Amino acid sequence: MTKRITLLESAIIFIFVLLISASPVEAQQAQAGQETFIEDVEIRGNRRIPRESILYYVQSKQQDRFDQSLAQRDLQAILQMGLFDPLATKLFLEDGPRGGKIIIFQVKEYPIIRSLEYRGLKSATDSEILTRFKERSVKVGKESQFDPAKANGARIVIRELLAEKGHPDAKVEVEVEEISATTVALVFNIEEGPRVRVKEIEFVGDRDGFSQRRLRGAMKLVKESGLISTFTSKDIYFRDKLLDDLERVRFFLGTKGYLQAKIAEPKVEPAGKTSSGIPLPILSKSGPGLKITVPVEVGRRYKIKSVEEKGVTIFQPGLVKAVSQLREGEWADAKKIQENVFKGVKDLYGEYGYIQADVNPILKFTDKTAEEGEVEFTIEVDEGRQFSLRRLEFIGNTNTRDSVLRREVMLNEGDPYNKRYWDLSILRLNQLGLFDEIKEKDAITRTNDREQNVDIDVQVKEKGRQQIQLNGGVSGYAGSFFGIEYSTNNFLGYGETLSLAFSGGNRQIYALVGFTEPYFMGKPISLGVQVYAQQAQFVGQGYNFQSFQQLAQASVFGLSSIDASTLFTQRTYGGTISVGGPLNLFTKKFPKFGRLARLQMSYSLSSNKVIDPEANRDSDPTNNIPITYSYPAVLTSRLTPSIYYNSKCCNYLDPSRGQSLFLGFSLAGGFLGGDVNLIAPSLQYELFIPALRRKSEKPHVIAMRFRGDHIRSFGTPFVTDTLAFVGGIPIYERYFLGGENDIRGYNFRSVSPAVPYRSFASTQNPVAKVVDPNDPTRLIDAPPGTVHPSVLSNYTFQSPLDPAAGCGLEPSATCNIVPTGTFFQPIGGDTQFIYNLEYRVPIVSVLSVAAFADVGSSFNTRTYRDQIVKSEFIPGQNITSLGALTGGTVTAEGVLLNPSGRIATAAELTSAPTNAAGSPVGFRPVSIFGDSRSYSIVDMNDRRGGFFSDLRSALVSSLGMEVRVQMPVINVPFRLIFAYNPQANTDPGDPQTIFIERKTVVRFSVGRTF
């Protein structure tokens, strides 16, 4: 027993000693494993990418302890660079000469795509594909790394794009052509296949009386093949678009009370061939057609039984219910639920800073009959907490001072956040015109739930500070002209505007300098100053339609061929100073209206003068212009208060939504002084409604404008013996319509009331002269007794309605009244209204088109007294030809006198004997000289083209289309106008024709109508 124990003890001792002797070896081996170090890290196989760029992502460093798991992570980091082929990039380990490890990363670089080609592509452009790549984050393009996975992703995107273009069966294959060891050419071989169009869309099932047409009308993206849908590419089947449209159909049913309408999976099947487009051999399109069958079950129609609020604590009971506009007894309406419950109630909370408020309408349906039911609404609100604006930052405003942007924001840091105020602030920032449109996504909002505050960073992109606008045109009245306006927007970074304008042409020159300070002395009050000067020549002739020359002139651009010596010259000098501010600065009674409305007061002082044409100032009275506009310098002192409301958004050149209203009242004269007394109220309203593609950056827009103006004199009217003033109103302030700014198809200033202009002979001190017997080139006074006194009496023509002569319009025993002709003269209206309607469609980039309809009228609402237009007597004028007006015979040698010295009559000449030369025996010619002047009466109450007497001329319209190219540098659209004028009068024989008009016109212009 003892031996056994001894042997057992000896065995235990031996094993213990053995373990003790082995442990240093194992510990030494373990210690040796821990001391394995990295001798080197190598990169092999790289060609273009530097070794250092790869090692930047490697954490295993030379002389560090070797860790194989870390080396594996480094391999993954290299692969995540996206520059190497993951199948050919590997990790190798080698023993180093110094007992360490050498880590080797064997890489294979992706080649560079030097060429990118789409073979067989017809229905889309390369740029469309690249844009789609960008949208889907497919990084395939020239000079990018080739990655087979990315190339396959690009192939899928191309197929999706072709499916949207109507080629759902298109085949796309990827081909890689090696150019060099490091570059490849990537080719997409495309077989588009036939274009498939939607031939028929049919709704089957329980439609409850809804017609196929009505249900299809709710669809916006997918339509049956037809003339319009073909050109808009809406007859293309694309599943995603179809599903969107079916949601619109379901929503449409929901607006009619069918809240539980069901639309099952649509069935798409071939339907033979379909034809579309214009039914002409070349323009007609045909191809495979599809039939889409949509199962629909409208279900019951629900009335609102009750509406309750739940979770509302900060508002009075019933307010949330009122905002929802859900009323008991009415049919349920999905549109009200969407706009008033989800959005309206949330916006209500947002106005008080509860930006995390969650609105959840709970609907409980009760079926009453097979057709109808009732629904109980519970508007459950999780109000959350009120947030304040902690910090507001603007990013990207390099030139514009931060204060310029902050003063347009209706929230101050530290104020409770107000969603409505913030939306109005974005609108006001966009209305500055200093930046590209600021959108909702440009405002990055960060909330701090613990502190209950919100930080907002607004990203802005400044427009160019220098702006150039062009204008110009051609018209018979104003001639041809071209103008340029240069402005330094945001002059010193505080929003100021310094503007310079100049225009010139063959008949006018205009210059203006202006400066506007939007915040004067740190207050929200604008101050503007303008100084201007203008010289313009204009047509003074009337329009006598017995004159072929004037008819020819009127037929081309109104009056294009005009002798410069017959033009009147108007010179105007003046200046304007204006101040304005927001309405809520002056009153708090209209808070919503006042935030976007401005009051303005402007004062202007101007001097106007019209100079007679050269033909009236030379020594030849025979070329005088019968109409006269000349008058000395007239001073006009004018005060104009106005209010302007503007909610237009968001491009100040092309608004896509919103409206504006301008109300002004101009007062000239009276207590302000000056030479004329005038009042002129004015109204203009503009409205912009997005029609199609409302949520896109460039939607279709319905735009309209209405403008109405009236002007009248008061007190003692300013009277002249010219047409410079009509009814005490300067002719240049009366209303003439026509041209690209109002009624596009008509000539400039061609729409106007016109009145008869009757001219009379007016002479005095007549003298008879005969040829000198000794010198046939001279005329001498007729010998006494050779000319009967009645001849001189007949050549003394009194002026009608002249108080000094005491004569009327008809001749009498004491008044020799002789009319010399009647023609018509436009005098402008004291009232005008204009209505413009446009449908604006953006095409691509800077190109857009607009269909338009213009209606307008210029007319007189008051009765004016007849005006006398006369000149001063010009002595020593040859008035011989006037004898023909009284029945005398006038030849090249003079008026013929009978043997008794009287004016020969036609009967006497017929019965008189003749000599061998055929001249009547005893009859002799004499010439009559005297003082003469022009004397005319303008019949103001015979309104040709006036509102009350001739509706055709008073109310004119123009229909047509514009093609517009928005020039990005000069910031102005070039316009090509095609117009049709239904009321155009092309008959020169019509006595009511003022201008020879055209039914169709094509014009080029610069600028905008509104």
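This is a predicted model: local features need pLDDT of at least 70, side-chain atom pairs count only at pLDDT 80 or more; totals for chains, interfaces and linings use all residues.
Biologist: What makes Phe315 and Tyr349 an aromatic pair that is edge-to-face?

Modeller: The structure holds 12 aromatic pairs. In the pair of Phe315 and Tyr349, the distance is 4.9 Å centre to centre and the planes make 70 degrees. Ring centres must lie within 6.5 Å, and planes over 60 degrees apart count as edge-to-face, so the name applies to Phe315 and Tyr349.

Biologist: Why is the pair of Phe315 and Tyr352 called edge-to-face?

Modeller: The centres of the two rings are 5.3 Å apart and the planes stand at 75 degrees, so the pair of Phe315 and Tyr352 is edge-to-face by the limits of 6.5 Å and 60 degrees.

Biologist: Which parts of the chain does the pair of Phe315 and Tyr352 link?

Modeller: Phe315 is in the loop between β11 and α9, and Tyr352 is in the loop between α10 and β12 (358–367). These two residues are 37 residues apart, and the pair links distant parts of the chain. Ring pairs also join Phe315, Tyr349, Tyr352 and Tyr354 into a cluster.

Biologist: How do you know whether Phe315 is buried or exposed?

Modeller: Its relative accessibility is 9%, and buried means under 20%, so Phe315 counts as buried. Tyr349 is buried as well.

Biologist: Why is Tyr352 called partly exposed?

Modeller: The relative accessibility of Tyr352 is 43%. Buried requires under 20% and exposed requires over 50%, so Tyr352 falls in between and counts as partly exposed.

Biologist: What makes you say that the charged end of Arg301 sits over the ring of Trp331?

Modeller: The charged end of Arg301 is 4.1 Å from the centre of the Trp331 ring. The distance limit is 6 Å, and the charge must also be within 35 degrees of the ring normal. The charged end of Arg301 is listed as sitting over the ring. The charged end of Lys303 also sits over the ring of Trp331, at 4.9 Å from its centre.

Biologist: What makes β11 and β12 edge strands?

Modeller: Three strands form an open sheet in the order β11-β13-β12, with mixed pairing. Each of β11 and β12 pairs on one side only. The twist averages 20 degrees from one strand to the next.

Biologist: How do you know that β12 and β13 pair?

Modeller: At least two bridges are needed for two strands to pair, and β12 and strand β13 (residues 372–382) have 10 bridges, in the antiparallel sense. In β13, Val375 is the bridge partner of Phe365. Helix α10 packs on this sheet, touching β12 and β13, and its direction makes about 145 degrees with that of β12.

Biologist: What is the arrangement of the open sheet that holds β14, β16 and β15?

Modeller: Its 3 strands follow the order β14-β16-β15, and the pairing is mixed. The edge strands are β14 (388–395) and β15 (443–448), each of which pairs on one side only. Neighbouring strands of this sheet are turned by 15 degrees against each other on average, direction ignored.

Biologist: How do you know that β15 and β16 pair?

Modeller: β15 and strand β16 (residues 453–459) pair in the antiparallel sense over 6 bridges, and the requirement is at least two. In β16, Asn453 is the bridge partner of Asn448.

Biologist: Why is Ser762 called buried?

Modeller: Ser762 has 2% relative accessibility, and the limit is under 20%, so Ser762 counts as buried. This residue is found in strand β31 (residues 754–772).

Biologist: What makes the approach of Ser762 to Ser799 a polar contact?

Modeller: The side chains of Ser762 and Ser799 make a polar contact at 2.6 Å, where the limit is within 3.5 Å.

Biologist: Why does Ser936 count as buried?

Modeller: The relative accessibility of Ser936 is 1%, under the limit of 20%, so Ser936 counts as buried. Ser936 lies in strand β40 (residues 924–938), and a polar contact of 3.1 Å joins its side chain to that of Ser759.

Biologist: Why is Ser578 called buried?

Modeller: Ser578 has a relative accessible area of 16%, and buried means under 20%, so the term applies. Ser578 is found in strand β22 (residues 567–582). The C-alpha atoms of Ser578 and Met601 are separated by 5.6 Å, although these residues are 23 residues apart along the chain.

Conventions: Residues are numbered from 1 along each chain as its sequence is written. Side-chain values use heavy atoms; hydrogens and water are left out. Rings of Phe, Tyr and Trp (its six-membered ring) pair if their centres lie within 6.5 Å; planes under 30 degrees apart count as stacked, over 60 as edge-to-face and the rest as tilted. Buried means under 20% relative accessible area, exposed over 50%, partly exposed in between (1.4 Å probe, protein chains only). Helices (H or I, at least four residues) and strands (E, at least two) are DSSP runs, numbered from the N terminus. Axes are lines fitted to C-alpha atoms, for helices over the stretch in contact, and angles run from 0 to 180 degrees between N-to-C directions. A polar contact is a pair of N or O atoms within 3.5 Å; within protein, one must be able to donate a hydrogen and the other to accept it, and residues adjacent in sequence count only if both atoms are side-chain atoms. Contact means heavy atoms within 4.5 Å.
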